[in-house]
Amino acid sequence: MESEIMASYETKQNCEIRVFESSDEMATDLAEFISQASEISVKERGCFAIALSGGPLVRHMRKLCEAPYNKTLDWSKWYIFWAEERAVAKNHAESNYKLTKEEFLSKVPILNGHVYSINDNATVEEAASDYEFVMRQLVKVRTVGVSESNDCPRFDLVLLNIGPDGHVASLFPNHPALELKGDWVTYITDSPEPPPERITFTLPVINSASSVAIVATGEDRARAVSFSVSACQDQEEEGPADDDAGTTMIPPASMVQPTDGKLVWFLDEAAASSLEASNGACEHQEGY
């Protein structure tokens, strides 16, 4: 399929930035990217383990529900997880599961038994513990791979949004959850965005994935994107903001640096608007 990327940049590390003129072009390229990841994983491992986020991300996946992907992908080999979830009932308006089911799962033939949502009848602490237990069982049978450098699960693909403050999954700036090393899944009760109780993958799990994609749209994400991309390139750039106490708010997205995998940014023009000012650090790749 012909790519419609407006511009693509390769950074110094295993990180790529793709910029698109329209939401439709981004959705087209994201579908092809996910399709290729699925085909490679099914061929190599016999299954495809993908972790999703909430918000607008699922809507950017809409092209997968259309031809040719809805007919050509081996959906029976897909296993769905969430890199973050709100501690609400599955039918609650804030539920990432509900949004994903309405926008994606109801439109493709993924097996119900391959969809791993959180236990919405438990406390948030119990839900996080339960979710990690399920993941550990699936790692044992290699439905989810395992990292060669640590004991973390190695998801074939983790898809993330980035917030205006640079948060990814439910990992927010300066939050203690960013420091966790041994846990695969944790919980928070003080999210700065409602609802306050959430579960989230930890950074070691995200960074153990074979591929990570971060999707960003809108000018309000531009500064956090620019700072986070500069971290991929080992460059120094002024942080996006200080909080009321004068503490530098380092975007968690800047900490997403796969250990033995690839990071790809999918950006619209507004979200990428600060990149050109990043000391020209990205090498422009022609041919798109």
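## Contacts, helices and salt bridges in a predicted model

Among contacts in the protein between residues at least 6 apart in sequence, 73% join residues at least 24 apart. The model is predicted, and every value below is computed from it.

### Overall makeup

The secondary structure of the protein consists of seven helices and 13 strands. Of its 288 residues, 55% count as buried. The protein exposes about 12,600 Å², and carbon and sulfur atoms supply 46% of that area.

### Helix H1 and the residue after it

Helix H1 covers residues 23–45, a run of 23 residues. At 1.5 Å a residue H1 should span 33 Å, and its end C-alpha atoms are 32 Å apart, so the two values agree. Just after H1, Gly46 takes a positive phi of about 90°.

His60 lies in helix H2, which covers residues 57–60. With a relative accessible area of 8%, His60 is buried, because buried means under 20%. Not counting residues up to four places away in sequence, His60 touches Ser23, Met26, Ala27, Leu30, Val215 and Thr217.

Phe81 belongs to strand E4, residues 78–82. Its relative accessible area is 0%, so Phe81 is buried. Leaving aside neighbours within four places in sequence, Phe81 is in contact with Ala49, Ile50, Ala51, Leu52, Tyr116, Tyr131, Met135, Leu138, Val144 and Phe155. Phe81 and Val115 are 34 residues apart in sequence, yet 6.5 Å separates their C-alpha atoms in space.

### Cysteines

How many disulfides does the structure hold? The structure holds zero disulfides. Cys65 counts as buried at 15% relative accessibility. Cys152 is also buried, with a relative accessible area of 3%.

### Salt bridges

Side chains of opposite charge can pair when their charged atoms come close. With a limit of 4 Å between a side-chain nitrogen of Lys or Arg and a carboxyl oxygen of Asp or Glu, the count comes to 13 salt bridges.

| Glu16 | Arg18 | 3.0 Å |

Are Arg18 and Glu16 buried or exposed? Both Arg18 and Glu16 are buried. They also take part in a network of salt bridges that links Glu16, Arg18, Asp29 and Lys262.

Definitions and conventions
Residues numbered from 1 in each chain as written. Predicted model: local features only at pLDDT ≥ 70, side-chain atom pairs only at ≥ 80, totals over all residues. Heavy atoms only, no water. Disulfide = S-S within 2.5 Å. Buried < 20%, exposed > 50% of the residue type's maximum accessible area, 1.4 Å probe, protein only. Helix = DSSP H or I, 4+ residues; strand = E, 2+ residues; numbered from the N terminus. Contact = heavy atoms within 4.5 Å. Areas by Shrake-Rupley, 256 points an atom, 1.4 Å probe, with all protein chains shown as cover. Expected span 1.5 Å × (residues − 1).
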